[in-house]
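Here are my notes for a colleague who is meeting this structure for the first time.

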Amino acid sequence: MSAGLQTFLMYLIAILMLLFTVSIHEIGHFLMGLKFRVNVKEISIGIGPRLAWKTTKSGIKISIKLIPLVAYVLFDSKQLRELYADDVQDKNYNWYMSPLPEGKKLLEDTKMWQYLLIMVAGVAVNFISFLILWPCCWATFRANGFILDNPFVSLGLSLKAIGSCMVFKGGNGSNIFVDIPDLAGNNNWGLIFFQLLILMNLITAVFNIIPFPPLDGWKVFERIYIQKAKKPISEKVETILSLIGLFLMVYIFISSILVKWIHW
């Protein structure tokens, strides 16, 4: 197998592992939301234009979209309805503003403890997956003469690598996009596959705790702030923070790829 094909397959595996990790994260939110009878509008695998979709008997739209990097669950909420209340011309207006099904509620109508459980359910699923995968895979590979990297060390090295990438400095680390061409030289695809899967579950769990939009930690912080302050967070402040968060995620992704290219 050529080096170029190996690298391509590694990037493909990394993207699929990322998609799988964020998908089970969102399934955690979804199942906990169903438990507390929150109305779910959509479950989406990917973002961007819809490639395929199906509406279930309960009215939930399941979508597969063009860019397979993230997944999300769209809960029915007062915030969502306010966004579309005056946009009658929008083609999805009737879908967003449709009456609540009997026995269902909006996300904001949940009790505080219910909302917190819904928000942390995704992190819990990733962390539980990590706790199951790590010891099982470690024992299996050790029995066959291979040792998995310590995921906590890899997490720290990932943060160091991300910092190096963002200032376009070369450096060692376990940032997935920086190290993929190097990993591709290892012919033990099973080892690579599970190392990526274990690390991605740990990273997804840890990063989603951070109270910064659009992460789960921010949603928890926002709900607590609203209850304590008796007023919503300024829309301007939230928009600015969301844009900063989006910029950082895109910048980290692009710089992680470019820095490797620069130092090849």
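Predicted model: local features only at pLDDT ≥ 70, side-chain atom pairs only at ≥ 80, totals over all residues.

1. The structure holds 11 aromatic pairs, a pair being two rings of Phe, Tyr or Trp (its six-membered ring) whose centres lie within 6.5 Å, with planes under 30 degrees apart called stacked, over 60 edge-to-face and the rest tilted.

2. Residues are numbered from 1 along each chain as its sequence is written, and side-chain values use heavy atoms, with hydrogens and water left out.

3. Both F127 and F130 belong to helix α4 (residues 112–143), where they are three residues apart, about one turn of the helix; helices here are DSSP runs of H or I with at least four residues, strands are runs of E with at least two, and both are numbered from the N terminus. F127 is partly exposed, with a relative accessible area of 35%, whereas F130 is buried at 0%; buried means under 20% relative accessible area, exposed over 50% and partly exposed in between, with a 1.4 Å probe and protein chains only. Ring pairs also link F127 and F130 with W134 and F152 into a cluster.

4. Two charged side chains deserve a look beside the ring pairs. The charged end of K41 sits over the ring of W95, 5.1 Å from its centre, and that of R223 sits over the ring of Y115 at 4.7 Å from the centre; the term requires NZ of Lys or CZ of Arg to be within 6 Å of the ring centre and within 35 degrees of the ring normal.

5. Which cysteine sulfur is closest to that of C136? It is the sulfur of C137, which at 6.7 Å is too far for a bond, and a search of the whole structure finds zero disulfides (pairs of cysteine sulfur atoms within 2.5 Å). C136 is partly exposed at 46% relative accessibility, while C137, at 8%, counts as buried.

6. Taken as a whole, the protein chain has nine helices and two strands, which follow the pattern α-β-β-α-α-α-α-α-α-α-α along the sequence. Of the 264 residues in the protein chain, 41% are buried.
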